[in-house]
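Hi,

Here is the structure I said I would pass on. Have a look at it first, and my notes follow below.

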Amino acid sequence: MISKIQKLLSLTTALVVASTAIAVAEPSAELIEAAKKEGMLTTIALPHSWCGYGDVIAGFKAKYPEIQVNELNPDAGSADEVEAIKANKDNKGPQAPDVVDVGLAFGPQMKAEGLLQPYKVSTWDEIPDTIKDADGHWYGDYYGVLSFIVNKDLVENTPADWADLLKPEYAGQVALAGDPRASNQAILGVLAAGLSKGAAPGEASGKAGLEYFAELNKAGNFVPVIAKAGTIAQGATPIAIAWDYNALAWRDELKDNPPVEVVVPKTGVLAGVYVQGISAFAPHPNAAKLWMEYLYSDEGQNLWLKGYCHPARFNAMVKAGKVPQELIDALPPAASYEAAVFPTVEEQNANKAAVTGGWDGVVGANVQ
């Protein structure tokens, strides 16, 4: 969904390895009873195809059948979620969202505007400090990293890092999953390339990334076509730079026709994260808290992982042996994610200004 992809603007600072404190298995009986009495949970902006949300919602319903899940506007974006809370401050009816899933930039904004109420889930200690509000107003839920998806019918040697893409054997094969003058996914692709050259996130990564793509373009390796599953399969973009969960979903869509490989580069590993929050005006505050408990339980976190999104507790759960092997096997190696960099919103904004302002002059490729 474009609205969700746009929210990948929202990133944060370097991932701190989470505590492996023992998680509470179940929310309190008092909370469960209070949520059941409310009888409803209103969500917004949760497309079922995104990060496995269809299975997540179904799992919550199966666990708590007494609570009706009222789904508002699945295709909404973060700004729409903010406005829905503002517009329904005094409305206790079905149009008032209880919970939101927004880009990180919106978390601090919503807290500052008094739109979120604090709540710390049982597994709070396993959510990395760098992706949560210390007071519990918002907390990271899942993230993805930029990866390479490779058509193995056309590419014999799978590139392992950004520097590999410059090799002559990849002439006319490398593309971004968007226009770097407009697409956040592509703009962050330039940031990641800049990181791989040793630049710090921000203006420096933007400039270094532009130099990288200028070199890639001059070598004849860059293809100015927006990469999608279809262009990968057709051979127009045999190597695409995209979020891992998009790449892995494309892999499933293509069903080995052609066979593709998804790899996380060894350097310049860039991550994007989303956050959860409970509306300060939630008509069903206890159901909202129970929803959060479910999302951050082992079951909820593994359902996101099944949808190819790395849950916030991923590192801690892998270390504790709580992630089914088949889910790990469906992803690139866990070690690939340990070096993930989560730039701050300020760093992203500085990078974006450098990339959008400099792409035409430095790289000169008209991506479309």
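Let me start with a side-chain pair: Ser205 and Asn351 are joined through their side chains by a polar contact of 3.0 Å. By polar contact I mean a pair of N or O atoms within 3.5 Å, where within protein one must be able to donate a hydrogen and the other to accept it, and residues adjacent in sequence count only if both atoms are side-chain atoms.

Before I go on, a word on the basis: this is a predicted model, local features need pLDDT of at least 70, side-chain atom pairs count only at pLDDT 80 or more, and totals for chains, interfaces and linings use all residues. Residues are numbered from 1 along each chain as its sequence is written, and side-chain values use heavy atoms, with hydrogens and water left out.

Back to Ser205, which lies in helix H7 (helices are DSSP runs of H or I, at least four residues; strands are runs of E, at least two; both are numbered from the N terminus). A polar atom of its side chain is also 2.8 Å from the backbone oxygen of Gly202. Ser205 counts as buried, at 0% relative accessibility (buried is under 20% relative accessible area, exposed over 50%, partly exposed in between, with a 1.4 Å probe and protein chains only). Leaving aside neighbours within four places in sequence, its contacts (heavy atoms within 4.5 Å) include Val190, Leu191 and Gly194.

Other buried residues of H7 include Tyr212, Phe213 and Leu216. Among the elements covering the buried residues are helix H6 (184-196) and helix H14 (345-362).

Asn217, also in H7, is partly exposed at 26% relative accessible area. Beyond its neighbours within four places in sequence, Asn217 touches Phe222, Val363 and Ala365. After the helix comes Gly220, with a positive phi near 85°.

Then there's one disulfide (a pair of cysteine sulfur atoms within 2.5 Å). Cys51 and Cys309 form it, with their sulfur atoms 1.8 Å apart. Cys51 sits in the loop between strand S1 (40-44) and helix H3 (53-63), and Cys309 in the loop between helix H11 (298-306) and strand S10 (310-311), so the pair ties together parts 258 residues apart in sequence. The link is left-handed, at -60° about the S-S bond, and both cysteines are buried.

Cheers
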